[in-house]
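Please look through the structure below before reading on. The text after it goes from one part to the next.

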Amino acid sequence: MSAQDSYKKLIESIREIAVLASAAGVLGWDERTHMPPEGAQIRADQLSLLSGLVHERFTDPKIGDLLAELEQSELMKDSGSIEAANIRETRYDYDKATKLPKDLVEEMSKTTTLAQSEWVRARAANNFKAFQPWLEKVLNLTIRKAEAFGYEGEPYNALLDNYEKGMTVDVVADTFEGLRKELVELLGKIKDAPKRPDVSIVERDYDVNLQRVFGESVAQAMGYSFTAGRLDITTHPFCTGLGPGDTRITTRYNPKRLNDALFGIMHEAGHGLYEMGLNKKDYFGLPAGESASLGVHESQSRMWENQIGRSLPFWRYFFPQAQRIFRDSLSGVKIEDFYAAINNVTPSFIRVEADEATYNLHILLRFELERAMIRGDLKPADVSSEWNSRFKKYFGIEIDSDSNGCLQDVHWSSGLIGYFPTYSLGNLMSAQFFAKALEDMPDLYEQFERGELLKLREWLRVNIHQHGTRYRAPELLKRVTGQELSYKPLVDYMYAKYSDIYGF
Ligand code: ZN
């Protein structure tokens, strides 16, 4: 077979696997939006069968043989080509998928299923001691997993790599350390500031149907296509790219708060635009047709949610519309007061409810603790006290219960260790990408004032979306912005915004 024929064969095989995986994706979407509660067992059976089939097909030695042949072919000559990237990254994923012994995969799956239900109980009872043995079990299995994958430096690198290919724990730790100092200082300034937003403006009656209409109109203005996507209701909002022409977002509405669904929709639509901008027509399932990393994905959602959605120029256009739609709650409200209200900063216990300024501190704390656990520097028994003392130091408030502290997130019980940093990496990259977009399009904010968001969408598509994983995240960031990962653009952006709102 010629190299071209083998390459075609690889594309076809991977595409078929992606089609199978996307069928599981539809079932997963349905599970979280429409499925009746009693359908849970058959759905679990369906999903487990499908994910087993996907794994079996992807780890088929025939894929390995094709890759070995292609690696020796002329297709690898130009290492920057899409073909070379597809072969290289598929090899990388293939090796990872074949490295874990079957018994470890099964044990991990069983243990995390049990650990999750123990975690739900422990959190409800505010009883960390009950969860601690499960944390120990998951941790031990996770360390075994890291050993099976192999790593340079410390085992945490093997875990981080599952979500953020090409990133290393040293770079993350250095950047986060710098960011933490800046954020703690910024929060101090905000705390002592003379001005305070009136948050009651966004905590009035907001009709759920009208919220949906307004949210959809904003998503549409962003370029989210409702003929290639849809918006549904769920408990924990998410976006799922099911394949070419089908990218779905979800949200939840609070009739007493405008922010949750509105910024939630912008966030998920930001993820959606990335999915819609990937070249899935040619490379569905292949690295060139898949997102570069979770961090890059989050950079897209956070950019739309924060840099655009929480900016004053954006609201110069959309606020008069919001006032017409939510007449009872917003008439007579000044745009500056509304802008301050949607940017309110208040340190609080719960990560998922955190504002833009405190959010990253929640992540940094989790990263520090899980890294220390994987290194063996922190025993699960000490997690609660360590969490609380760091929280006091970073946020200036005392944790009142483990349910509001180290028991609040599902990640550790699910074996998702190494995942947390991607949230903050997304925030950092969003600021870096956005600063570059502003440099390339100095009139960007004037565009927002006119309600024009599509030029930014196009800039993101050309510079980021269409490449998929042709470049890994650190290389993509460098190519687009000319910079390595940095906390400075995010900190600069925050200072500009909050000094204006809080008057410091
Ligand atoms: Zn997200």
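This is a predicted model: local features need pLDDT of at least 70, side-chain atom pairs count only at pLDDT 80 or more; totals for chains, interfaces and linings use all residues.

Residues are numbered from 1 along each chain as its sequence is written, and side-chain values use heavy atoms, with hydrogens and water left out.

Start at the zinc ion. Its coordinating atoms are NE2 of H267, NE2 of H271 and OE of E298, at 2.1 to 2.2 Å. Donors here are N, O and S atoms within 2.8 Å of the metal (3.2 Å for Na, K and Ca); water is not among the atoms, so sites may look incomplete. Along the sequence, the donor residues follow the spacing H-x3-H-x26-E. H271 belongs to helix α10 (residues 259-277) and E298 to helix α12, so this pair links distant parts of the chain, 27 residues apart. Helices (H or I, at least four residues) and strands (E, at least two) are DSSP runs, numbered from the N terminus.

Is H271 buried or exposed? H271 is buried, because its relative accessible area is 10%. Buried means under 20% relative accessible area and exposed over 50%, with partly exposed in between (1.4 Å probe, protein chains only). E298 also counts as buried, at 12% relative accessibility.

Helix α12 spans residues 294-308 and also holds Q300. Q300 counts as buried because its relative accessibility is 0%. Leaving aside residues up to four places away in sequence, Q300 touches G270, Y274, F433, L460, I464 and H465. Contact means heavy atoms within 4.5 Å.

L365 sits in helix α16 (residues 356-375). With 0% relative accessibility, L365 is buried. Which residues does L365 touch, not counting residues up to four places away in sequence? They are W387, R390, F391 and Y394. From L365 to W387 is 22 residues in sequence and 7.4 Å in space, C-alpha to C-alpha.

W387 leads on to the rings. The whole structure has 25 aromatic pairs. In one of them, the ring centres of W387 and W412 are 6.2 Å apart and the planes stand at 85 degrees, so the pair is edge-to-face. Rings of Phe, Tyr and Trp (its six-membered ring) pair if their centres lie within 6.5 Å; planes under 30 degrees apart count as stacked, over 60 as edge-to-face and the rest as tilted. Because W387 is in helix α17 (residues 383-395) and W412 in the loop between α17 and α18 (421-440), the pair ties together parts 25 residues apart in sequence. Both W387 and W412 are buried. Elsewhere, ring pairs join Y206, F214, F314, W315, Y317, F318, F319, F326 and F338 in a cluster.

Two strands pair if DSSP finds at least two bridges between them. β1 pairs with strand β3 (residues 246-251) in the parallel sense over five bridges. The bridge partner of D232 in β3 is T250.
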